[in-house]
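Me: I have a protein model open and would like to learn how its features get their names. Could you walk me through it?

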Amino acid sequence: MTDMLRVVFQNCRKALNAAAQPLRADSEMANLTLAIPDVHNTTTDGDVGWTNRPPALVACPQCTAEIYQKDSRDSIDCTRCTANRPANEFSDLELIALVCPSCGDHMKHGRRHPQQFDVPEWATCPNCSYHWEFDHMF
Ligand SMILES: [Zn+2]
Ligand SMILES: [Zn+2]
């Protein structure tokens, strides 16, 4: 190989490396974005705290009709029979569903500390991605 060819060859390699750099940076950015998919939903469309809880459907303790409790501070008042429970007895009743305040769909809900809490600690709407958390600390 002549000196001339060697220089051309080395320049080619430099150019290839330079072209590859931005591509590598882009694919790393893409992976990073995919790794944290739920951040947007929890910060831009959602609520935190029991007083901001989504409306709930609970079973009436007397006639098992569905009772719609819009606000977690409202008393739980059956429209079919005489049952009327204060808001703090919510956890004694059977929870049928949490209702998405954004689109009205039934939400998925669950608990993170079943031994300490007998009420839902989070709920997510499968339809519009609205998300509620009992507390951000958990
Ligand atoms: Zn009832
Ligand atoms: Zn929804």
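Reply: Happy to! Seven strands make an open sheet, in the order β1-β9-β8-β7-β6-β2-β3, with mixed pairing. The model is predicted, so local features need pLDDT of at least 70 and side-chain atom pairs count only at pLDDT 80 or more, while totals for chains, interfaces and linings use all residues. Residues are numbered from 1 along each chain as its sequence is written, and chains are lettered from A and ligands numbered from 1 in the order in which they are written.

Me: Why does one side of β1 and of β3 lack a neighbour in the sheet?

Reply: β1 (46-48) and β3 (66-69) are at the edges with a single partner strand each, so one side of each has no neighbour in the sheet.

Me: How do you know that β2 and β6 pair?

Reply: Strands (DSSP runs of E, at least two residues, numbered from the N terminus) pair if DSSP finds at least two bridges between them. Three bridges join β2 (residues 56-59) to β6 (residues 95-99), so this antiparallel couple qualifies as a pair.

Me: What makes Pro 54 a contact of Met 107?

Reply: Contact requires C-beta atoms, placed from the backbone, within 7 Å. Beyond four places in sequence, Met 107 meets that with residues including Pro 54, Leu 98 and Ala 123.

Me: How confident is the predictor in residues 30-43?

Reply: pLDDT is the predictor's confidence in each residue, from 0 to 100. Over residues 30-43 pLDDT stays under 50, whereas the chain mean is 82. Where pLDDT is low, predicted coordinates should not be read in detail.

Terms used: Helices (H or I, at least four residues) and strands (E, at least two) are DSSP runs, numbered from the N terminus. Two residues are in contact if their C-beta atoms, placed from the backbone, lie within 7 Å.
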